[in-house]
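Good morning, and thank you for coming.

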Amino acid sequence: MNSQRILLTGAAGRLGGILRQAFAGRFQLLRLSDVAPMGAAGEGEEIVTCDLADATTVQVLCEGIDAIVHLGGIPYETGWPELLQSNIAGTINLYEGARHAGVDRVIFASSNHASGMYPNDTAISGESPPRPDSRYGLTKAFGEDVAALYAYKHGIRSLCLRIGSCLPKPDNKRALSTWLSHGDFVRLVEVGLTADYVHEIVYGVSGNTRSWWDNSAAYRLGYEPRDDAEIYAAEVEAIELGTELARQYQGGNFVPEEFSGRKEWLG
Ligand SMILES: NC(=O)c1ccc[n+]([C@@H]2O[C@H](COP(=O)([O-])OP(=O)(O)OC[C@H]3O[C@@H](n4cnc5c(N)ncnc54)[C@H](O)[C@@H]3O)[C@@H](O)[C@H]2O)c1
């Protein structure tokens, strides 16, 4: 059994459930945290209900932990009041708690929506500057900078995963580029728990033939995706997003929502 003590935030969510199942019984401690119910603790698990917006409780949450997988937060576009609490204050509190507790590393669930205003025909990498497609995407770009502050200034290794579409299988043409299989998601987080890095931003994407993202930084760290969305192409290729903006830019449906910009500026 691995001697690491892991904290998983957002443990009641979709991705949290995948990791909880994959990590069961593998670590000295798996501390699961969320505001939503998480069921009963299994062997090696600890359940801690905690609102990430509450700095004091988050500090206690991080105590005695070696590595954090930070999935907790709002994963969709909404108003600033909610995003400020869960995604902005939540991520600051989490890193601040990690610093107080002497945590070695944090794997931060960023999002492809941190860079969703790039056109589909532009190949970008984790080193490309953010181009958020929404308030939500901006909270993820901010989280990547929080990660840099705590890596370079406070010595907490930080791996930011700009997750594409983590689904059992691709559900439309866009996902042929953005799909992250459940198995590859687990493999990428495992890399984050063991690899040697300071601050990296990589894409959470399978080895898709049609990927828009240069993920060589993830490969350098040891990520070896086993899945490729292409095997579903015949099934989903005809399922296109509804608007031209959504079809042409990486953020998909997030791009046309509230769009009031100039298309010619987007490239
Ligand atoms: N699922 C994807 O394909 C995908 C893509 C890009 C990024 N992400 C990111 O990955 C993470 C997990 O995504 P998911 O699909 O499992 O989302 P989810 O909504 O299923 O899970 C997120 C969890 O965070 C919890 N949460 C929200 N606000 C909180 C708060 N203030 N305090 C404590 N817990 C709080 C929710 O209760 C929920 O259980 C999110 O940060 C999301 O932005 C996911």
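This is a predicted model: local features need pLDDT of at least 70, side-chain atom pairs count only at pLDDT 80 or more; totals for chains, interfaces and linings use all residues.

I begin with the ligand: one of its nitrogen atoms is 2.9 Å from an N or O atom in the side chain of serine 86. This is a polar contact, that is, a pair of N or O atoms within 3.5 Å; within protein, one must be able to donate a hydrogen and the other to accept it, and residues adjacent in sequence count only if both atoms are side-chain atoms. Taken alone, the ligand exposes 820 Å², and the protein buries 87% of that; such areas come from the Shrake-Rupley method with a 1.4 Å probe, and for residues only the protein chains shown count as cover.

Residues are numbered from 1 along each chain as its sequence is written, and side-chain values use heavy atoms, with hydrogens and water left out.

The side chain of aspartate 34 has an N or O atom 2.6 Å from an oxygen atom of the ligand. Lysine 140 places a polar side-chain atom 2.9 Å from a ligand oxygen.

Let us turn to the sheet. Seven strands form an open sheet, in the order β3-β2-β1-β4-β5-β7-β10, with parallel pairing. Strands are DSSP runs of E with at least two residues, helices are runs of H or I with at least four, and both are numbered from the N terminus. Two strands pair if DSSP finds at least two bridges between them.

Which strands stand at the edges? They are β3 (45-49) and β10 (199-204), each with a single partner strand, so one side of each lacks a neighbour in the sheet.

Further in, β1 (residues 2-9) pairs with β4 (residues 67-70) over four parallel bridges, and isoleucine 6 has alanine 67 as its bridge partner in β4. Strand β4 also pairs with β5 in the parallel sense, over four bridges; here valine 69 is partnered by isoleucine 107.

Is β5 enclosed or open? Seven of its seven residues are buried (under 20% relative accessible area; exposed is over 50%, partly exposed in between, with a 1.4 Å probe and protein chains only), so β5 is largely enclosed by the rest of the structure. In a regular strand, side chains alternate between the two faces of the sheet. On one side of β5 lie Arg105, Ile107, Ala109 and Ser111, and on the other Val106, Phe108 and Ser110, all buried.
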